[in-house]
Amino acid sequence: MLKKLLKIAVSGVLVLCLAAQAAVTPSPAMMAQFKNLPAAEQQKLAKQYGINLPAGMNATSSAKQLGANAEVLVPQEHTQINDSPFQQRSVGNGSVDPEQPQRFGMNLFTAQVSTFAPVDNAPVTDNYRLGPDDTLLVQLYGKVNDSYELVVSRDGTVNLADVGPLTVSGLSFSEASAIIKSKVSEAMLGVEAAISMGKLRTINIFVAGEAKTPGMFAVSAMTTVTQALYLAGGVSEIGSLRDIQIKRAGQTVGRFDLYDLLLRGDSSADTLLRHGDVIFISPVKGTVQALGEVKRPSIYEIKSGDNIDSLLAMAGGAAAGAYPQAVVLERYNSNNLRDLLNLDLTKAENRQLALRDGDTLRLAETSPRIENVVTVAGAVVRPGHYAWQQGLRISNLISSFWSDLHLTADLDYALVIRETSNVGDVKVLQFNLAKAINSPASADNLVLKARDIVLVFHHADQNYQRADLNAYLRKQIQRRLNLNQDMQWATTEDLAKKAFAQLVLSTERRREAVAQRGVSQYVAGQQIHNKTSSLDNTTLSSIAGDTEILNQQSVLQLAQRNAQVQVNQLTDTTVINDAVNEVVGAKALPEEMARVMRNLYYDKELLMLSASLTRTELLYPLIERLRMQARTGDSAMLVRVQGEVRVPGEYPLAENSDVSYLVKAAGGFTEAAYLGRAEITRAMSASAHENGIEVENIAVNLQEAFNGGQTFVLQSRDRLNVFPIPDWNIDQIVEVRGEVRFPGRYTIKRGERLSDVLARAGGLSGNAFADGAIYTRESVRERERLQLSKLTEQLRADIATKALSADKSLGGVSSSAQESLLMIEQIEKQEPVGRLVLDLEAVLAADPSADIQVEDGDLLYIPRADVTVSVVGEVQHASSHRFKEGLSLQDYLGLAGGLRKRADADRVYIIKADGSVQIPGSAGWFAVTQDKLQAGDTIVVPVDTEYKDSLSLWTAVTQIFYQSAVAVAAINSF
């Protein structure tokens with residue numbers, strides 16, 4: 001308890017002393033040294049500052065206390081500890097700038113350790129010079145066994161019993177030990193002495209100059225220069241680490257360069273200090289900065305004679321990726337302006353260039369492209385970069401069908417991309433991969449050159465592990481844009497296919513210089529419109545917060561044009577935020593795919609995904625490169641093939657390529673290809689008289705071209721058209737369902753009629769309902785889809801006109817406009833049926849005027865006999881009733897409970913079983929001329945509209961489409 005009270009009292013006295021002398025700010029190590037002082041020194045310091053220490057404190061008790069209770073010194077609040085690898089400098093508001101690079105070596109003094117003072121019982125060297133207050137431990141053995149603790153007095157002597165006083169001050173420890181041993185042997189026969197050091201004396205040193213905490217320190221006699229620097233908290237921001245002087249009696253007795261210790265581990269200049277020594281830290285003379293591809297980028301202090309070679313040595317040398325042939329040295333000239341010097345550090349004279357204060361040396365990174373390399377991409381097991389050497393061939397890279405290629409690899413078509421000039425122009429070589437592997441001596445086993453790229457394709461348009469490519473695209477976009485993980489654009493079946501399609505479309509539009517929005521912006525506008533069509537500019541911007549997307553005028557105008565209304569308060573912000581995220585993701589999708597394509601042949605990570613690409617995708621970077629290198633009027637070395645080939649499209653024109661090469665590039669012929677004749681369209685030279693390009697059509701026999709009988713060398717911009725076999729209809733099929741004897745799918749030939757197909761199907765069964773036959777055709781469905789699109793556009797225009805003419809003071813949307821918007825959604829969701837109305841009875845009777853020619857994809861459904869009449873729409877109870885001969889329209893409406901209040905009695909119409917429409921009492925609409933009800937008919941009672949304009953007509957038409965869809969539901973349920 002007494003020791004703790006003493007410790008608290010000493011600490012309190014020190015704090016009072018510090019408060020009284022504000023100019024003196026001791027470090028934590030100084031506080032520890034105060035506790036370690038002898039009692040006389042403590043009393044002297046206390047008297048100096050006018051403080052009375054408690055009685056009973058002495059050097060011995062203090063030493064024992066510190067030895068028995070080692071404590072961790074906690075820095076005071078005023079002590080700043082910098083753990084950052086950068087020197088923290090004030091930026092004007094009291095904070096520090098972590099981006100400012102730190103001078104090398106400054107972090108040496110930022111470690112938080114218990115104390116930097118040397119311990120008293122540390123071993124001493126033989127050359128340690130003894131002085132007053134040093135303690136020698138003498139152990140006598142032999143005839144006499146005894147031990148003594150000898151303290152060097154102020155006169156420099158020690159007093160040993162039976163020997164007398166011996167002068168040891170100024171002697172080294174080894175010299176003093178030898179004297180004591182000799183005197184003991186002379187004075188006491190048969191007695192030997194063993195000498196060791198006890199407690200060391202305390203000396204006073206002074207740290208001056210650019211130290212963080214300059215001042216006088218009481219330290220152990222074993223203290224070195226570095227330990228003294230730790231006690232002073234290190235050097236200040238402008239203090240030199242390389243010019244630390246040791247002054248003794250007014251003379252400089254040593255200099256210490258801390259870089260010798262930090263960079264080479266040389267501590268020979270870290271000498272022991274003596275009482276009264278002064279450590280002077282000079283201001284830094286000059287600093288330079290090493291940046292870029294060095295192992296230790298930092299700011300370094302320089303001395304006279306330092307050059308670039310020594311700076312690189314201080315920075316750890318150049319990194320492995322450095323390019324020493326193009327190094328930039330930035331320095332101040334005589335006018336205090338910055339100059340740049342380009343240096344080649346492979347030359348010795350440049351490395352010997354002397355450095356100046358403020359220089360900045362930048363080592364750039366070497367090019368990521370490899371010189372002696374060949375690249376293999378596509379349908380290979382191990383795509384990547386491989387070392388090139390003289391005489392390397394295709395078979396050296398791909399030697400096995402089983403271990404080097406995927407099973408889907410195309411063995412007839414592969415390419416080599418070869419550079420032809422220093423500006424990066426390339427040419428294309430085409431070869432047969434199977435021949436290159438099986439016949440190493442064949443011409444197809446090409447000799448490769450440095451930087452060649454070998455492309456191996458999948459058969460037709462196949463791919464391998466497509467999910468890997470989709471996962472990569474999804475991850476890159478979500479990470480780059482910080483989107484959530486559940487985006488609709490990211491859950492498509494094939495994300496890469498969608499992205500590539502948008503990329504190709506965008507590229508074609510740019511190439512054609514069409515003045516319209518890019519495809520990604522169009523998709524963004526459509527998606528924003530779908531979910532925010534009723535929002536104004538302010539609401540959109542405040543909710544989404546995405547100025548990059550929402551500030552595009554074209555997108556906002558699209559939303560405004562489709563809905564000229566405002567919403568006062570949004571109730572579901574999550575929907576809008578999700579919509580904006582999906583827009584951002586959909587827009588970034590083709591951009592990310594473009595990045596993949598640009599770096600495909602060079603990026604290691606992307607190269608590993610090249611096996612996931614289809615033939616068209618793998619060729620895309622090459623085709624774009626061939627387009628870019630077509631300049632000064634030259635045409636791109638590209639050809640096109642269309643028609644009956646597996647992968648129609650554009651392909652690079654290989655050297656000496658003929659028609660057979662182009663067909664192999666397109667994956668070969670389809671089954672329907674006609675080999676007897678194909679046609680090549682060739683663009684000839686421009687005609688000055690006709691102000692255009694002359695075009696020549698050339699007939700080619702593909703059979704002879706593949707058998708070697710006819711060789712037709714292709715030219716740039718040639719187009720090959722492969723025709724189908726005349727009357728090729730092996731894949732043209734119609735389907736017959738329902739009440740026929742043999743329902744199923746039937747292959748048809750050109751000109752075949754419906755009556756012929758029904759005869760092949762065995763005719764109708766006994767339960768067939770001929771009047772209710774449903775016949776759908778794809779071409780009719782497409783026309784209906786086009787008409788539906790025109791209908792929605794017209795309807796939007798009508799709604800916009802009505803909204804603009806409405807009363808602005810209402811501040812909202814009228815109920816009629818709301819219903820109209822709902823009607824638009826219903827129409828857009830309506831899938832066209834493509835139903836063709838026909839008279840099946842007449843068809844079966846072989847009436848030429850009723851019979852029709854069947855087309856590929858036609859569907860005939862013949863239902864069972866129907867004995868009901870349905871009533872739907874605005875009636876009290878929509879239902880179906882058994883057909884009874886003689887009942888009129890009003891009778892069936894009465895069976896349904898009569899009309900509702902909102903029913904439009906003047907527009908009741910009948911959907912006949914065969915799909916035609918009849919309006920009672922009319923003889924013109926939809927070519928219906930009779931009012932008689934039959935089994936299978938449907939009576940439709942439409943709702944009465946609120947305004948009498950063209951919108952009511954569109955409402956009726958949507959009801960017709962809705963009722964027609966009932967037929968499709970019946971087909972699917974069969």
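Visitor: What covers the buried residues of helix 5?

Guide: The cover includes strand 3 (135-142), strand 5 (157-160), strand 6 (164-167) and strand 7 (191-197). This is a predicted model, in which local features need pLDDT of at least 70, side-chain atom pairs count only at pLDDT 80 or more, and totals for chains, interfaces and linings use all residues. Residues are numbered from 1 along each chain as its sequence is written, and side-chain values use heavy atoms, without hydrogens and water.

Visitor: Which residues of helix 5 are buried, and what puts them on the same side?

Guide: Phe173, Ala176, Ser177, Ile180 and Val184 are buried (under 20% relative accessible area with a 1.4 Å probe, protein chains only; exposed is over 50%, and partly exposed lies in between). They cover an arc of only 100 degrees around the axis, and therefore lie on the same side of helix 5. The arc is taken from the directions between the helix axis and the C-beta atoms. An α-helix has 3.6 residues a turn, so residues three or four places apart point the same way.

Visitor: Why is Glu739 called buried?

Guide: Its relative accessibility is 10%, so Glu739 counts as buried. Glu739 lies in the loop between strand 28 (733-738) and strand 29 (744-747).

Visitor: What does the side chain of Glu739 make with the side chain of Ser765?

Guide: The two side chains make a polar contact at 2.7 Å; the term requires a pair of N or O atoms within 3.5 Å, and within protein one must be able to donate a hydrogen and the other to accept it, while residues adjacent in sequence count only if both atoms are side-chain atoms.

Definitions and conventions. Helix = DSSP H or I, 4+ residues; strand = E, 2+ residues; numbered from the N terminus. Contact = heavy atoms within 4.5 Å.
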